[in-house]
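Trainee: I've got a new structure on my screen. Can you walk me through it?
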Amino acid sequence: MSKERIGVMGGTFNPIHEGHLAMARAAMRSAKLDRVLFLPDSVPPHKKDIAPAEDRWRMTVAAVAGEKDFEPCRMELDREGTTYTCDTLLALRAQEPKAELFYLIGTDTLLQLKNWSRYEQVLTLCTFIVCARTVEGVSAAEVDAERRRLIGLGGRFLSAEMEPVDVSSTALREAIQRDEPTPLLSPAVREYCGARGLYGAAPRVPRAEKWLAKLFAELTPRRFAHTLGVAYSARALARNHGLDLEKAEIAALLHDCAKCLPLREMQEIAVRNNVTQDREILESGALLHAPVGAWLAEHAYGVTDPEILHAIACHTTGCPGMSRFDMAVYLADKIEPGRLAYPALTRVRMLAPLSLEKAMVYSIERTVEYERGKGHALHPQSLETLEWLKSQPENMS
Ligand code: ATP
């Protein structure tokens, strides 16, 4: 059997951005890797403008959650004291003795290698995959000379075939502080930074530190990334439709807080607290997590605002008479940027910023069709919601 080929993507990830992901994708292709580990490094806590390790970890987990062969790894974060790449590679070798290790770096890091602790030993432990990055004031000839010098010391280097991605964490931190767009940061990571108030952004969600830690602990990585995407979209829709941005963000952050509980546990909460009596809802985790989520939002997260709690409670079935705020949260869940493509997605995304009511009708109608096609019926409350929505003035024209 051929050796497993493992990519190692180390970085401060302060924050993780599309450049890092593009490097990993290019390295997977160019060096035929089986998987890539993402290792946020540990940085002395007093270092200026570096987000706490757990925040960088959660952002890294969220950013790679949608990629099957990318794995976040806590090895450097969990090691005591200063971490050196040499120790990381030795530990990975001990852990994966049969694998071949490939360490991913940008051109700037190639030039810094000579300053790494025990760098000559590092050269013997992995093959470097270099991703092109412009380094201010350094010519291609100088980069090449350094590469040749390192090869002379036993280093092995491959080049990743990729278009350079002109982005750095430094530039992104500055953009976040100035509240400017960040197209090369994933919406989930941008949402995390904004809600939490990292990098000089004004903290938007008062209890974000506690809530994000709790959500991260209780949701799967994909669900956590989805939650951040929904909060990102809910804010955008709230802005489009003149709704309360902060409340929309809170409802979206908590909308799935019960989703990863075992059905038994959801049922116990529902029965003990008289959350619903509907048998069909009680039997289905896909439906029950909404009213149970609203109950948890109130009792475990301390939310008291009835508008927020209602939007969480009806985000799966909708309900006749639902408010435009409820619709924004419902639709944000359907269109968040990380959603895997489904047939109605493009049109719901197009309609939602224009008309919440029209987007709701289209979204529920397509879901009814889809479920009928599979021989399933939608919960009666969704059908009642659809009828009610169709009778609204916005949908009569
Ligand atoms: P900062 O701006 O804070 O220095 P960064 O964007 O360089 O951050 P790091 O987390 O320090 O990000 O980078 C980890 C690794 O990824 C380094 O080897 C770096 O050279 C490489 N890297 C980061 N961004 C790019 C990019 N856009 N193109 C190529 N390599 C990159």
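Mentor: We'll start with the whole and then go through the parts. Keep in mind that this is a predicted model.

Trainee: OK. What does the secondary structure come to?
Mentor: The protein has 21 helices and six strands.

Trainee: And what box do the C-alpha atoms fill?
Mentor: Roughly 75 × 45 × 40 Å, taken along the principal axes.

Trainee: How many of the residues count as buried?
Mentor: Of the 397 residues, 51% count as buried. Contacts reach along the chain, too. Take the contacts with a separation of 6 or more: residues 24 or more positions apart account for 67% of them.

Trainee: Which domains is the protein divided into?
Mentor: Domain 1 covers 5-160, and domain 2 covers 204-395. Their centres, taken over C-alpha atoms, are separated by 38 Å. Six residues from domain 1 and eight residues from domain 2 make up the contact.

Trainee: Now the sheet. What's the strand order?
Mentor: S3-S2-S1-S4-S5-S6, in an open sheet of six strands with parallel pairing.

Trainee: Which strands sit at the edges?
Mentor: Strand S3 (70-72) and strand S6 (157-159). Each of them pairs on one side only. From one strand to the next, the twist averages 30°.

Trainee: Pick one pair for me. How many bridges join S4 and S5?
Mentor: Five bridges, in the parallel sense. S4 spans residues 100-106 and S5 spans residues 127-131. As one example, Leu104 has Ile129 in S5 as its bridge partner.

Trainee: What does helix H4 touch on the sheet?
Mentor: H4 (residues 85-95) packs on the sheet and touches strand S1 (5-11), strand S2 (35-40) and S4. The direction of H4 makes about 150° with that of S4.

Trainee: And where does H7 lie?
Mentor: Across S5 and S6. H7 is residues 140-152, and it runs at about 145° to S6.

Trainee: What comes between H7 and S6?
Mentor: A loop, and Gly154 is in it. Gly154 counts as partly exposed, at 40% relative accessibility. The C-alpha atoms of Gly154 and Thr124 are separated by 6.7 Å, though the two are 30 residues apart along the chain.

Trainee: Let's switch to H8. Which of its residues are buried?
Mentor: Ser169, Leu172, Arg173, Ala175 and Ile176 are buried in H8, which is residues 169-177. Seen down the axis of H8, these buried residues fall within an arc of 160°, so they line one face of the helix.

Trainee: What does that buried set pack against?
Mentor: Helix H1 (18-30) and helix H9 (187-196). Have a look just after H8 as well: Asp179 takes a positive phi of about 60° there.

Trainee: Charges next. How many salt bridges does a search of the whole structure find?
Mentor: It finds 31 salt bridges.

Trainee: What's the general idea behind them?
Mentor: Side chains of opposite charge can pair when their charged atoms come close.

Trainee: Show me one. What does Glu67 form a salt bridge with?
Mentor: Arg25, with the closest N and O atoms 2.7 Å apart. Glu67 lies in the loop between helix H2 (53-64) and S3, while Arg25 is in helix H1, so the pair ties together parts that are 42 residues apart in sequence.

Trainee: Which residue does Asp78 pair with?
Mentor: Arg74, in a salt bridge whose closest N and O atoms are 3.1 Å apart. Asp78 is partly exposed at 48% relative accessibility. Arg74 is partly exposed too, with a relative accessible area of 24%.

Trainee: And Glu283 with Arg279, are they buried or exposed?
Mentor: Both are exposed. Their side chains meet in a salt bridge at 3.5 Å, N to O.

Trainee: Which residues are linked in a salt-bridge network?
Mentor: Glu4, Arg35, Glu71 and Glu96.

Trainee: Last one. Where is Glu120?
Mentor: In helix H6, residues 119-125. Glu120 is partly exposed, with a relative accessible area of 46%. Between Glu120 and Ser42 there are 22 Å in space, C-alpha to C-alpha, and the two are 78 residues apart in sequence.

Technical notes:
Residues are numbered from 1 along each chain as its sequence is written. This is a predicted model: local features need pLDDT of at least 70, side-chain atom pairs count only at pLDDT 80 or more; totals for chains, interfaces and linings use all residues. Side-chain values use heavy atoms; hydrogens and water are left out. Two strands pair if DSSP finds at least two bridges between them. Helices (H or I, at least four residues) and strands (E, at least two) are DSSP runs, numbered from the N terminus. Axes are lines fitted to C-alpha atoms, for helices over the stretch in contact, and angles run from 0 to 180 degrees between N-to-C directions. Contact means heavy atoms within 4.5 Å. Buried means under 20% relative accessible area, exposed over 50%, partly exposed in between (1.4 Å probe, protein chains only). The arc is that of the directions from the helix axis to the C-beta atoms. A salt bridge is a side-chain nitrogen of Lys or Arg within 4 Å of a carboxyl oxygen of Asp or Glu. Domain bounds come from an automatic or database domain assignment.
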